[in-house]
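Please keep the sequence and the coordinates at hand while reading.

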Amino acid sequence: MGAKSVEDMIEASSGVHFSGFHMNGLELRSTQVGQPTTLAAEEMHKQPFVIGVAGGAASGKTTVCDMIIQQLHDQRVVLVNQDSFYHDLTEEELTRVHEYNFDHPDAFDTEQLLCAMEKLRHGQAVDIPKYDFKSYKNNVFPARRVNPSDVIILEGILIFHDPRVRELMNMKLFVDTDADVRLARRIRRDTVEKGRDIGTVLDQYSKFVKPAFDDFILPTKKYADIIIPRGGDNHVAIDLIVQHICTKLGQHDMCKIYPNLYVIQSTFQIRGMHTLIRDSQTTKHDFVFYADRLIRLVVEHGLGHLPFTEKQVTTPTDSYNMDDVHVGTLVTEHILLVMGLFTLVWIFVSGYVVSPLLGVARVWRMLCEHVVKASRLGRFLFTGKVTMVSSLSMKSYLKISRIDMCCYWIPF
Ligand SMILES: Nc1ncnc2c1ncn2[C@@H]1O[C@H](COP(=O)(O)OP(=O)(O)O)[C@@H](O)[C@H]1O
Ligand SMILES: O=c1ccn([C@@H]2O[C@H](COP(=O)(O)O)[C@@H](O)[C@H]2O)c(=O)[nH]1
């Protein structure tokens with residue numbers, strides 16, 4: 001790549017950037033000054049937590065959903081069934097209904113489903129049709145009024161088929177039940193509940209249901225975050241899923257209340273350190289060591305929000321691209337960020353019955369370390385042969401009229 005194009009790249013990417021990440025690794029990438037970053041975050045967090053549940057017909061999807069809903073009793077949860085969005089059959093299709101493939105993706109009105117989800121996600125109630133398996137119509141029963149909720153469960157054989165529907169989901173479950181169990185259940189259900197004769201059920205199974213499972217349903221299993229073998233019989237999997245949903249909902253709720261709350265992704269290492277500092281057997285020395293490491297994570301993530309501009313630096317030997325950190329921000333507008341960090345780390349440390357002063361002192365020390373590091377870098381840039389012009393960064397920095405306080409939270 002020639003020198004010209006390097007310069008062009010630098011020019012194109014100059015301007016102030018913010019770094020940082022949100023829950024589930026959703027990143028607010030290279031947000032430019034003046035853009036409503038917090039509005040975007042607010043928009044994202046006001047939305048419900050969407051769980052997708054897919055799997056073959058009669059695999060136990062509805063049973064798993066019912067169990068999850070029961071265990072999430074203190075949350076507002078609604079179940080939206082893909083069956084509700086079957087296309088109305090034309091008169092001609094009705095006369096030859098046994099030739100109609102109810103297991104093909106085209107059998108569903110996905111646009112209508114997307115429209116309903118769009119409304120729910122924007123806090124509007126929707127009327128969802130109730131499909132009648134006997135008349136093959138969705139206007140026999142009155143529509144069901146579904147109000148916006150904290151959790152929406154989207155359930156259906158092909159609910160992972162359309163990428164636009166998949167993208168709505170925060171969590172995807174696939175109920176994996178043996179084909180013979182599914183067939184046995186289907187025969188019982190279709191003959192007893194739907195009043196169909198066994199010959200018709202078996203014909204439909206071999207002609208449409210089984211091929212569609214292999215061609216369209218099974219290939220979507222790869223999109224699942226969690227595969228549940230044996231469906232509703234798998235109490236361990238369902239308990240773990242509910243626990244996970246509760247944890248996510250806790251974060252989700254807090255993010256809804258505080259749109260500028262950033263949740264640091266939990267890792268085994270973080271969980272390990274939390275375990276150690278909670279253990280009454282842990283020595284004071286180890287406690288301070290691990291608490292320090294956790295506090296450092298909070299401070300570093302917080303400081304990652306300081307704005308910077310990319311600058312070209314010419315040294316006696318070469319030229320580099322550098323991120324020019326606005327050191328001054330620590331003592332001016334970003335005092336809010338620093339205060340936020342103090343408060344958060346203070347809460348974090350005091351939660352472990354350590355002197356709050358100790359916590360604040362440690363945070364202060366870490367921040368000072370960062371300032372010293374940053375100013376050393378600054379001195380290096382000024383005293384070396386540099387082309388970086390500090391006033392340029394200050395100019396772009398001064399454009400920042402308002403920086404929201406950033407809070408960080410390490411999930412336990
Ligand atoms: N673990 C289970 N043990 C026995 N019967 C079950 C089990 N799970 C589901 N069923 C029965 O199988 C049929 C299909 O279950 P359902 O949950 O409606 O599956 P899906 O929603 O995938 O079609 C229902 O009649 C249900 O009572
Ligand atoms: O009129 C209809 C509509 C659908 N089916 C079958 O239902 C299942 C999907 O429902 P689940 O509740 O997920 O089992 C699908 O296999 C269709 O073949 C039907 O038989 N008649």
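Helices (H or I, at least four residues) and strands (E, at least two residues) are DSSP runs, numbered from the N terminus. The model is a predicted one, in which local features need pLDDT of at least 70 and side-chain atom pairs count only at pLDDT 80 or more, while totals for chains, interfaces and linings use all residues. Residues are numbered from 1 along each chain as its sequence is written, chains are lettered from A and ligands numbered from 1 in the order in which they are written, and side-chain values use heavy atoms, with hydrogens and water left out.

Asparagine 234 lies in the loop that joins S8 and H9. For accessibility, buried means under 20% relative accessible area, exposed means over 50%, and partly exposed covers the range in between (1.4 Å probe, protein chains only). Asparagine 234 is buried, because its relative accessible area is 8%. With contact taken as heavy atoms within 4.5 Å, and residues up to four places away in sequence not counted, asparagine 234 touches Ile228 and Pro229.

Arginine 230 is found in the loop between strand S8 (226-229) and helix H9 (235-257). Although it is not a glycine, arginine 230 has a positive phi of about 65°. Its relative accessible area of 49% makes arginine 230 partly exposed.

Alanine 58 is a residue other than glycine whose phi is positive, near 65°. Its place is the loop between strand S2 (49-55) and helix H3 (61-71). Alanine 58 is buried, with a relative accessible area of 11%.

Attention now turns to helix packing. Two packed helices are described by the angle between their axes and the distance between the axes. Axes here are lines fitted to C-alpha atoms, for helices over the stretch in contact, and angles run from 0 to 180 degrees between N-to-C directions. The axes of helix H10 (residues 268-278) and helix H11 (residues 284-303) come within 9 Å and cross at roughly 140°. H10 is therefore oblique to H11, since angles under 35 degrees count as roughly parallel, over 145 as roughly antiparallel, 65 to 115 as roughly perpendicular and the rest as oblique. From H10, the residues Gln269, Ile270, Met273, His274, Leu276 and Ile277 meet Phe287, Tyr290, Ala291, Arg293, Leu294 and Leu297 of H11.

Finally, the protein chain has 14 helices and twelve strands. Of its 412 residues, 44% are buried. Among contacts between residues at least 6 apart in sequence, 73% join residues at least 24 apart.
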